[in-house]
Structures are given as C-alpha cells and as structure tokens.
Amino acid sequence: MRKRESPITSWSVHKPRGLTRLRVFASVRDRSKGFLVAGGAVFPCALGRSGIVVLKREGDGGTPRAALPLRSVLYRKARLPRPRTLLPLRAITARDAWCDDAGDRRYNRLIARPPGAAEERLQRDDHLYDVIVELGWNDAPVIRGRGSAIFWHLARSGFTPTAGCVAVEGHVFAKVLPRLARHCVLVVR
C-alpha cells in the first residue's frame with residue numbers, strides 16, 4: 001500500500017531565484033584592486049584609491065566595508081541593449097545626476113539637473129557609467145558627509161582606482177546581472 005503524502009511536505013518551499021550574495025575583497029598586492037566573487041566565478045575589479053575603508057567619508061576615495069544591497073540598475077540606452085536583470089531597471093537620461101553635496105537636502109540621491117555642470121553627471125562621455133548598479137550605501141537613513149554615489153560600474157582600462165566604487169569589465173555585467181536575485185547584496189570585506 002502506498003503512503004499518502006502530507007500536503008505540507010508536498011508544498012514547494014520558496015527559494016530566491018538567482019545569486020543572493022556577491023563578495024568583494026581587496027588584492028594583497030594593491031589595495032585599489034580586488035576581486036568580485038559571483039557564485040563560483042571570480043572577476044578582477046577596481047576599488048577606491050584608498051582601498052576598503054571602515055569609516056567612510058565623502059571624498060576619501062575609500063570603498064566602504066559593508067554589506068551593500070543592490071538597489072537598481074541604470075544604463076545608457078543609446079550605448080547598450082537593455083540588461084537582463086530582476087533588479088529595478090531604468091535608462092539614464094541627460095538630466096540624471098547624483099547629488100554629492102553634503103549641504104544639499106537631496107544628498108546621496110538621484111536627482112534631475114539641467115544639462116551642464118552638476119554634482120555627479122550619470123551621462124558621461126567615457127563609458128564608465130554605461131551600466132551602473134546603485135549600491136545601498138548611506139541611504140537608510142542618509143547621513144551627511146558619510147559618502148555618496150557608491151556604485152558598481154564599468155572599469156577603466158588597467159583597473160585604475162575609482163572614487164570609492166567597485167568597477168568591473170563589461171562582460172562581467174553580461175554574465176552576472178541575469179543571475180542576480182531581486183534582493184542581492186554585495187558584501188565588501
């Protein structure tokens with residue numbers, strides 16, 4: 001006689017789809033370079049010129065040592081196809097900037113600015129911000145002067161230092177973004 005399966009054991013347990021955690025650590029040879037670990041894959045990355053820092057401050061050039069939630073993906077529609085991702089996605093416009101003025105009430109937020117001079121223009125002439133993952137740093141709540149615009153973005157040739165962000169080559173985004181769970185965290189250690 002066959003055993004009846006309990007309705008409780010036959011229910012499927014909801015598991016997050018995709019990677020829920022990425023890890024970043026510094027190179028032992030150069031503190032402004034490091035590695036991004038996504039599942040079983042390891043990719044080189046650039047870090048802030050001051051390396052990984054515990055006490056992050058605006059303009060210090062440090063990448064904060066923290067667990068940083070991935071908030072959203074921003075991309076240059078004219079330069080890239082729409083990235084495949086479960087994260088909230090938005091095309092960058094000419095008015096998009098990130099407020100890094102600690103005296104402004106909009107500090108550490110995406111803002112709309114007329115074309116021209118602005119805090120941190122997202123539509124750049126180079127390709128660094130063709131794809132940006134907004135990292136949840138100093139945003140819940142925002143503390144003035146604690147650092148702003150911490151992104152995961154494209155690296156310069158030779159992985160030269162960032163101002164405090166994590167930067168990788170373009171193919172890394174193509175491989176990793178589709179594999180990320182909606183509530184993924186980038187852990188910088």
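The structure is a predicted model: local features need pLDDT of at least 70, side-chain atom pairs count only at pLDDT 80 or more, and totals for chains, interfaces and linings use all residues. Residues are numbered from 1 along each chain as its sequence is written, and side-chain values use heavy atoms, with hydrogens and water left out.

## Overall fold

The chain holds two helices and 14 strands. Helices (H or I, at least four residues) and strands (E, at least two) are DSSP runs, numbered from the N terminus. Of the 189 residues, 42% are buried. Buried means under 20% relative accessible area, exposed over 50%, and partly exposed in between (1.4 Å probe, protein chains only). The accessible surface of the chain is about 10700 Å², and carbon and sulfur atoms supply 53% of that surface. Such areas come from the Shrake-Rupley method with a 1.4 Å probe; for residues, only the protein chains shown count as cover.

Contact means heavy atoms within 4.5 Å. Among contacts in the chain with a separation of 6 or more, 56% link residues 24 or more positions apart.

## Strand β1 and its partners

Two strands pair if DSSP finds at least two bridges between them. Strand β1 (residues 19-26) pairs with β14 in the parallel sense, over five bridges. In this pairing L19 stands opposite L180. Strand β1 also pairs with β2 (residues 33-38), antiparallel, and again over five bridges. Here A26 stands opposite G34. A hairpin of six residues connects β1 to β2.

## Nonpolar cores

A nonpolar core is a set of buried Ala, Val, Leu, Ile, Met, Phe, Trp, Tyr and Cys residues joined through side-chain atoms within 4.5 Å. The largest one has 30 residues. L22, L36, L70, W152, L180 and L186 have the most contacts inside this core. Strand β14 (residues 180-188) gives the largest share, four residues. Apart from this core lies another, of ten residues, including L74, W98, A149 and C165.

What does L22 touch, leaving out residues up to four places away in sequence? Its partners include L36, V37 and A38, then L70, W152 and V176. L180, C184, V185, L186 and V187 are also touched by L22.

## L47, a buried loop residue

L47 sits in the loop between β3 (41-46) and β4 (52-53). Is this residue buried or exposed? L47 counts as buried because its relative accessibility is 0%. Beyond its neighbours within four places in sequence, L47 is in contact with residues including V24, A26, G34, I52, T63, P161 and C165. L47 and C165 are 118 residues apart in sequence, yet their C-alpha atoms are 5.9 Å apart in space.

## Salt bridges and a surface patch

A salt bridge is a side-chain nitrogen of Lys or Arg within 4 Å of a carboxyl oxygen of Asp or Glu. The count by this rule is eight. Three of them are tabulated.

| Salt bridge | N to O distance |
|---|---|
| D30 and K33 | 3.9 Å |
| K56 and D60 | 2.6 Å |
| E120 and R124 | 3.8 Å |

D30 is partly exposed at 28% relative accessibility, and K33 is partly exposed at 31%. K56 is buried, with a relative accessible area of 3%, whereas D60 is partly exposed at 23%. E120 counts as buried at 18%, while R124 is partly exposed at 21%. E120 and R124 also belong to a salt-bridge network with D126.

F25, F35 and V42 make a nonpolar surface patch of about 240 Å². Patches are made of residues with over 30% relative accessible area and no salt bridge; like charges are joined within 9 Å, nonpolar side chains (Val, Leu, Ile, Met, Phe, Trp, Tyr) within 5 Å. V42 lies in strand β3.

## Backbone details

A cis peptide bond joins A140 and P141, with omega about 0 degrees. P141 is in the loop between β11 (131-135) and β12 (151-154). A149 is found in that loop between β11 and β12 as well. Phi of A149 is near 55 degrees, a positive value in a residue other than glycine. A149 is buried, with a relative accessible area of 10%.

N108 has a positive phi too, near 60 degrees. N108 lies in the loop between β8 (96-98) and β9 (110-112). With a relative accessible area of 6%, N108 is buried.
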